[in-house]
Amino acid sequence: MRVHTWLTLVFAMGWALLPRAASVQAAETRTAGAPSPDLADVVEHLISRTHAFRQQEGRPPVAPNPQLTAAAQDFATFMARTGQFSHTADGQTPEVRAKAHGYDPCLIAENIAYQHHSGGFTTEALAQGFFQGWQHSPSHRENLLDPAVTETGVGVAQSQQTGAYYAVQLFGRPMSQAIEFQITNHTDTTITYAVDGQVFPLPLRTTRTHQQCRPPEVTFQWPGMQEPTTVHPNQGDRYSIVRGDAGDFRVEPG
């Protein structure tokens with residue numbers, strides 16, 4: 001007697017800043033006696049694979065965050081219960097869901113996926129299917145390797161109706177980790193500069209404070225023929241615009 005099995009793997013476009021969604025439907029019968037994964041271990045596998053992948057690609061680690069974890073688990077449970085599959089399946093965005101769980105986001109990104117196999121999954125196989133699908137999809141890979149995110153939360157749930165498994169991974173950077181820097185113009189001339197392409201005029205003897213969610217690039221456009229100067233501020237950096245003895249403009253720390 002030949003036994004037929006069915007395997008379904010579906011990944012929605014990764015969400016970052018603006019929601020991008022895909023909808024699917026699946027209903028298949030699970031084979032009796034199929035293996036059953038430990039979902040808590042699947043979560044741990046996904047987190048450890050994320051750490052290893054980021055390290056391999058030269059990205060900083062992300063720390064597990066309980067608020068992001070709760071938001072991810074609640075959304076995975078919602079999709080498993082309703083069979084709806086998109087980044088806005090519950091009528092909300094990932095950012096709104098994170099805020100509802102007490103997270104104050106500067107950045108939020110989300111990967112979602114579901115898998116179904118009539119023969120069931122081992123813990124390792126389920127985690128591997130989710131992660132490899134994200135790893136080899138450009139938008140999901142971008143979220144996995146985003147150098148600006150610092151925290152993550154993962155949730156996995158199973159549908160009692162179809163047996164499908166749903167996974168959600170949130171990535172975030174809280175407002176408490178926003179990069180704040182300050183620029184003061186000590187000259188008698190208005191100086192123009194750009195922060196990641198957005199232009200700001202800074203009047204004479206004026207100080208302006210910026211707060212960015214991603215490490216910024218700041219380019220100062222000097223009057224006359226003087227070449228521009230570019231800096232990359234870190235948290236708490238302060239810059240002073242001054243004029244040298246020869247009348248040239250420069251930016252100095254402090």
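Here are some friendly notes on the predicted model above, point by point.

1. **Ground rules.** This is a predicted model, in which local features need pLDDT of at least 70 and side-chain atom pairs count only at pLDDT 80 or more, while totals for chains, interfaces and linings use all residues. Residues are numbered from 1 along each chain as its sequence is written, and side-chain values use heavy atoms, with hydrogens and water left out.

2. **Confidence.** The pLDDT score is the predictor's confidence in each residue, from 0 to 100. Its mean over the protein chain is 88, and 87% of the residues reach 70 or more. Two stretches deserve a careful eye. Over residues 1-8 pLDDT stays under 50, and the model has 15 contacts for them beyond four places in sequence; a contact means heavy atoms within 4.5 Å. Residues 17-31 also stay under 50, with 37 contacts beyond four places in sequence.

3. **Overall make-up.** The protein chain has five helices and 14 strands. Helices (H or I, at least four residues) and strands (E, at least two) are DSSP runs, numbered from the N terminus. Of the 254 residues, 45% count as buried. Here buried means under 20% relative accessible area, exposed means over 50%, and partly exposed lies in between (1.4 Å probe, protein chains only). Among contacts between residues at least 6 apart in sequence, 67% join residues at least 24 apart.

4. **Helix H4.** This helix covers residues 123-135, and its 13 residues should span 18 Å at 1.5 Å a residue; the end C-alpha atoms are 18 Å apart, so the model agrees with expectation. The expected span is 1.5 Å times one less than the number of residues. Several H4 residues are buried, including Leu 126, Phe 130, Phe 131 and Trp 134. Gly 129 and Gly 133 are also among the buried residues of H4.

5. **The E9-E8-E11-E12 sheet.** Four strands form this open sheet in the order E9-E8-E11-E12, with antiparallel pairing. Two strands pair if DSSP finds at least two bridges between them. The edges are strand E9 (198-202) and strand E12 (229-231), each of which pairs on one side only. On average, neighbouring strands of this sheet are turned by 25 degrees against each other, direction ignored. For such angles, axes are lines fitted to C-alpha atoms (for helices, over the stretch in contact), and angles run from 0 to 180 degrees between N-to-C directions. E8 and E9 run antiparallel and are joined by five bridges. To find this pairing on screen, look for Ile 191, which stands opposite Leu 202 in E9.

6. **The E10-E7-E13-E14 sheet.** Another open sheet of four strands has the order E10-E7-E13-E14, and its pairing is mixed. Strand E10 (207-212) and strand E14 (249-253) each have a single partner strand, so one side of each is left without a neighbour in the sheet. The twist averages 25 degrees from one strand to the next. E7 and E13 run parallel, joined by four bridges, and Ile 183 has Tyr 239 as its bridge partner in E13.

7. **A closer look at Thr 184.** Thr 184 sits in strand E7 and is buried, with a relative accessible area of 14%. Which residues does Thr 184 contact, leaving aside its neighbours within four places in sequence? They are Leu 202, Thr 206, Thr 207, Tyr 239, Ser 240 and Ile 241.

8. **Salt bridges.** How many salt bridges does a search of the whole structure find? The search finds seven, where a salt bridge is a side-chain nitrogen of Lys or Arg within 4 Å of a carboxyl oxygen of Asp or Glu. One of them joins Glu 95 and Lys 99 (3.6 Å, N to O). Both residues lie in helix H3 (residues 94-100), four residues apart, about one turn of the helix. Glu 95 is partly exposed at 30% relative accessibility, and Lys 99 is partly exposed at 47%.

9. **A bridge between distant parts.** Asp 188 and Arg 243 also meet in a salt bridge (3.9 Å, N to O). This pair links distant parts of the chain, 55 residues apart: Asp 188 is in the loop between strand E7 (179-185) and strand E8 (191-195), and Arg 243 is in strand E13 (residues 238-243). Arg 243 counts as partly exposed, at 42% relative accessibility.

10. Glu 252 forms a salt bridge with Arg 250, with the closest N and O atoms 2.8 Å apart. Glu 252 is partly exposed at 29%, as is Arg 250 at 34%. Elsewhere, salt bridges that share partners join Asp 90, Arg 97 and Glu 110 into one network.
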